[in-house]
Amino acid sequence: MPKDPKDLRSARWFAPDDLRSMGHRSRAMQMGWSGEDWEGKPVIAIINTWSDLSPCHHHLRDRAEWVKRGILQAGGTPAELPVHDFAEQFLKPTSMLYRNLGAIEVEETLRSHPVDGVVLMGGCDKSTPALVMGAVSMGLPMIFLPAGAMLRGNYAGQKLGSGTDVWKYWDERRAGNIGAAEWEGVQGGIARSYGTCMTMGTASTMMSIAEGFGLTLPGASSIPAPDASHKRMAATCGRRIVDMVWDDLTPDRIITPAATRNAVTVAMATGCSTNAIIHLIAMARRAGVPLTLDDIDAIGRTTPVIANIRPSGDTYLMEDFFYAGGLPALMKELGDKLDLSVTTVTGQTLGDDIAPAKNFNADVIRPLSNPVYSEGSLAVLRGNLAPDGAVIKPAAMDPKFQTHKGPAIVADSYDALKEIINDEDYPMTPDSVLVLRNAGPQGGPGMPEWGMIPMPKALLKLGLRDMVRLSDARMSGTSYGACILHVAPEAFIGGPLALIETGDIIEVDVPNRSLNVQLSEAELDQRRAAWVAPAPRYQRGYGWMFARHIQQADKGCDFNYLETGFGAPVPEPDI
Ligand code: FES
Ligand code: MG
């Protein structure tokens with residue numbers, strides 16, 4: 001039964017014949033609205049992450065107009081509401097510090113305004129989880145419009161991939177193999193249009209995950225930002241959200257345990273960013289689904305990587321993935337690894353949604369019989385060094401490091417680390433394990449993407465391009481290498497990572513999922529007793545609050561008080 005117009009949430013503001021509502025109506029009229037705009041019509045929020053400092057979302061000011069067109073076509077009233085831009089490259093100390101702030105902003109922006117449903121527009125790394133987390137907590141019908149990836153990079157006839165090629169050319173520059181002119185050529189060619197990073201970095205991963213949850217229209221996450229079909233998709237989202245409001249298709253009907261398993265499976269099959277783990281857990285927990293690292297690892301063990309996209313794949317980029325059929329084609333290849341009975345924002349089952357999909361290039365989207373990597377993209381390690389888990393991306397590293405034993409070289413800060421990696425004569429061997437600590441959620445602060453520690457000059461000059469690196473930081477989704485990340489608990493709060501010393505022997509065993517330091521419990525206890533907690537990073541402001549409420553990586557780094565189940569649900573505001 002469609003919703004009765006008098007039961008629209010926005011009608012609580014606009015309909016009553018009383019003093020307050022007269023105020024709302026007169027102020028709407030101040031903007032040029034009339035009764036035509038609010039009487040019996042859903043008001044649809046368009047949450048826009050556009051800004052003049054957000055290159056990945058630079059087209060969203062225009063796309064909002066296309067969403068509005070769709071909303072009007074379907075008999076709704078659009079209302080564009082700007083929020084934080086989540087500009088990954090510019091925000092310091094790290095955009096991760098602001099994901100939860102953004103989620104709060106989205107939740108409270110929706111709660112406090114007279115709106116009935118929402119189209120969320122974003123895509124640059126933290127924006128997708130932030131928008132989804134906030135909107136899920138608010139609970140209005142929602143649809144996610146991914147910003148889409150930028151065009152393939154190009155320099156001197158070479159195809160360039162976001163992030164991935166920056167790291168590669170930077171190593172070559174530091175090794176003295178390329179000069180300033182080539183470096184500048186890469187700089188000018190690597191980001192040629194608006195849109196998100198076009199490797200399977202965190203942005204493409206998270207947009208794919210949103211589609212895996214059923215929160216986008218079919219195929220939306222794979223459309224390149226400059227493609228005309230992106231505009232058509234924007235208008236279609238506008239039309240669809242109006243019907244979702246009438247059908248009261250709220251996110252709790254979409255983000256179910258089965259849909260969450262689908263989202264994790266999709267992540268693994270795409271060769272996802274390591275950041276996906278943190279955001280998947282946080283998004284699921286907002287929906288009341290208690291997803292754990294072990295659940296993710298278990299799905300990873302039986303889900304091969306079938307998207308041949310860099311950095312897990314060898315050559316292709318998101319534009320190629322779109323031409324090959326995009327995420328619906330990938331989901332079709334996954335077949336019964338997905339629960340096709342779940343409901344998506346279309347109001348249909350996932351099975352119905354992907355029925356028309358076709359795979360047009362079996363080298364880009366591989367069949368299960370010919371995967372890029374036989375297990376999922378990521379693995380969860382545990383041991384005396386990471387009792388609450390750590391994450392590695394076996395799909396994008398030199399396989400010889402999957403079982404490894406070597407002496408630690410420990411840096412307490414990024415500055416200390418820089419001295420080590422820039423010293424050509426620093427004593428180390430290819431077996432050394434480079435450790436960066438105090439870069440976790442509290443220590444970073446905000447868990448910056450420092451985990452793909454640049455290769456030290458001392459090893460670069462030997463021609464080496466990979467080694468085991470270990471930290472409580474994250475790494476960019478476009479990164480690669482034998483980097484163990486997200487060690488929990490982090491060093492800054494006294495996790496075992498805080499206790500190791502240069503020369504201690506670190507043991508990694510990816511097939512058996514273990515990460516240990518060769519030290520006895522007694523030795524670790526002794527060092528723990530002598531450990532002195534570092535001074536807090538912030539004495540006031542947002543960072544002060546962040547430090548009090550941020551949870552560790554294995555819990556998704558959400559604030560404890562934002563999680564579902566922390567106290568009673570927030571009531572609707574009095575009007
Ligand atoms: Fe925005 Fe990579 S910097 S998606
Ligand atoms: Mg990134």
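**Helix pair.** I began with α9 (residues 202-213) and α12 (residues 275-286), whose axes come within 10 Å and cross at roughly 35°. For the axes I used lines fitted to C-alpha atoms over the stretch in contact, with angles running from 0 to 180 degrees between N-to-C directions. The crossing is right-handed, that is, the near helix is turned clockwise from the far one by less than a right angle. On the α9 side I noted Thr 202, Thr 205, Met 206 and Ile 209, and on the α12 side Asn 275, Ala 276, His 279 and Leu 280; contact here asks for C-beta atoms, placed from the backbone, within 7 Å. I sorted these residues into four nonpolar, four polar and no charged.

**Ground rules.** The model is predicted: local features need pLDDT of at least 70, side-chain atom pairs count only at pLDDT 80 or more, and totals for chains, interfaces and linings use all residues. Residues are numbered from 1 along each chain as its sequence is written, with chains lettered from A and ligands numbered from 1 in the order written. Helices (H or I, at least four residues) and strands (E, at least two) are DSSP runs, numbered from the N terminus.

**Hairpin.** Next I looked up β7 (residues 379-383), which pairs with β8 in the antiparallel sense over four bridges; pairing takes at least two DSSP bridges. Two residues sit between the strands of this hairpin, and Val 380 stands opposite Val 391 in β8. Strand β8 (residues 386-392) has five of its seven residues buried, so it is largely enclosed by the rest of the structure. Buried means 20 or more other C-beta atoms within 10 Å of the residue's own, all placed from the backbone.

Conventions: Two residues are in contact if their C-beta atoms, placed from the backbone, lie within 7 Å. Ala, Val, Leu, Ile, Met, Phe, Trp, Tyr, Cys and Pro count as nonpolar, Asp, Glu, Lys and Arg as charged, and the others, Gly among them, as polar. A residue is buried if 20 or more other C-beta atoms lie within 10 Å of its own, exposed if 12 or fewer, and partly exposed in between; C-beta atoms are placed from the backbone.
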